[in-house]
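Please look through the sequence and the model below before reading on.

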Amino acid sequence: MRKKGKLKRATIGDWIIVFVMILLILTCILPIMTVVATSLSDPTAVMRRDVTFLPVGFNITAYVDVINDSRFMWSLAWTAIITLIAVVVNLAMTVLCAYPLTYDSLKGRKIITVLIIFTMYFGAGLIPTFILFRTLGLLDNPAVLILPGMISVFFMIIMRNFFIGIPESLKESAEMDGAGPLTCLVKIYLPLSTPVLATIGLFYAVGRWNGFMDALFFLPSASEYHPIQLLLYNILQNITAIDPMDPGDVAQPGMGTVTESAAIVIAMVPILCVYPFVQKYFVSGVTLGAVKG
């Protein structure tokens, strides 16, 4: 029987990496803990600044107020709808752009690739983009939340590299049986691409869920189409108010801060629920698409 190898002793470099990772984890977790604790605390305790990482005077009134606000719940549902549509469109466009670039027989493939990559580094800017969207009739149109960001060049490159890494013999054998490019894509490439599709889809979903700048600039009058992050932005900027946050309706000092925190927590929950379903694909999906150039 083969003897088991000795465990490698941790070096100073290993401990430094562990220490840095712990700092990064705390940097991400502690602010969330503070917001959650504030949302569950008594408003007077929040005003006294007694709340740190644990609730003081457990209270769920803020969550009841936020859930009962029809405007907030509609914005939450609308953001979920837009995110779902955007992910489907983004993945479809990413695959349809990446797959043809794997064919050596595609005329002008190198030029097309260069032109696509060019857009990663150079953009027209906000004002020309605003003028373009106004000319196309996209201002105050919910389609502006989907159409301009239908594809990410970075994710397209990852997708293309993953396709290139699939053995060519699989495609050649299918083509010998009479399969065309579309059949090869549906029957061979997509079934083998679950990890990278799940990973890219997660990034697309998080980007759409957290996006608010496009709605801020291009949906100035269509408030009914504002995503949840823009609504939260307006709440924190005192542009929009959930009823209990209105200074004329606040019965307790600090209630506004508690309600804001509750709204932030509720807005975080849906996208956080997505992570467990794609966790097993996350690492493999990123590394597989980044092996070849």
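In which helix do Glu168 and Lys171 lie, and how many residues apart are they? Both lie in helix α8 (residues 168-176), three residues apart, which is about one turn of the helix. The model is a predicted one, in which local features need pLDDT of at least 70 and side-chain atom pairs count only at pLDDT 80 or more, while totals for chains, interfaces and linings use all residues. Residues are numbered from 1 along each chain as its sequence is written, and side-chain values use heavy atoms, with hydrogens and water left out.

The side chains of Glu168 and Lys171 meet in a salt bridge, at 3.2 Å from N to O; the term stands for a side-chain nitrogen of Lys or Arg within 4 Å of a carboxyl oxygen of Asp or Glu. Lys171 is buried, with a relative accessible area of 4%, whereas Glu168 counts as partly exposed at 40%. Here buried means under 20% relative accessible area, exposed means over 50%, and partly exposed lies in between, with a 1.4 Å probe and protein chains only.

The structure holds five salt bridges. Among them is the pair Arg208 and Asp214, whose side chains meet at 2.7 Å from N to O, and Arg208 counts as buried at 9% relative accessibility. Another joins Arg48 to Asp50, with an N to O distance of 2.7 Å; Arg48 is exposed at 52%, and Asp50 is partly exposed at 37%.

Turning to the whole chain, its secondary structure comes to 14 helices and zero strands, where helices (H or I, at least four residues) and strands (E, at least two) are DSSP runs numbered from the N terminus. Of the 293 residues in the protein chain, 36% are buried.

Rolling a probe the size of a water molecule over the atoms shows where empty space is left. A pocket is an open set of points, on a 1 Å grid over the protein atoms alone, where a 1.4 Å probe fits, with protein on both sides within 12 Å along at least five of seven lines, and its lining residues have an atom within 4 Å of a point. The largest pocket holds about 560 Å³ of space, and of the 25 residues that line this pocket, Pro148, Gly149, Ile151, Ser152 and Val153 are the closest to its centre. Two or more lining residues come from each of α4 (70-98), α5 (109-121), α6 (126-135), α7 (153-165), α10 (194-210) and α11 (213-218). By class, the lining of the largest pocket divides into 16 nonpolar, seven polar and two charged residues.

The second largest pocket has a volume of about 330 Å³. Of its 13 lining residues, Ile32, Met268, Ile271, Leu272 and Tyr275 are the closest to the centre. The elements that give two or more residues to this lining are α1, α10, α12 (228-236) and α13 (255-272), and the largest share, five residues, comes from α13. The lining of the second largest pocket has eleven nonpolar, two polar and no charged residues.

The last stop is the surface. Ile12, Ile16, Ile17, Phe19, Val20, Met21, Leu23 and Leu24 form a nonpolar patch there, with about 790 Å² of accessible area together. One of these residues, Ile17, is found in helix α1 (residues 12-39) and counts as exposed, at 51% relative accessibility. Patches are made of residues with over 30% relative accessible area and no salt bridge, with nonpolar side chains (Val, Leu, Ile, Met, Phe, Trp, Tyr) joined within 5 Å and like charges within 9 Å.

Methods
Accessible areas come from the Shrake-Rupley method with a 1.4 Å probe; for residues, only the protein chains shown count as cover. Grid points are joined across faces, edges and corners, and a volume is the space filled by probe spheres set on the points. Ala, Val, Leu, Ile, Met, Phe, Trp, Tyr, Cys and Pro count as nonpolar, Asp, Glu, Lys and Arg as charged, and the others, Gly among them, as polar.
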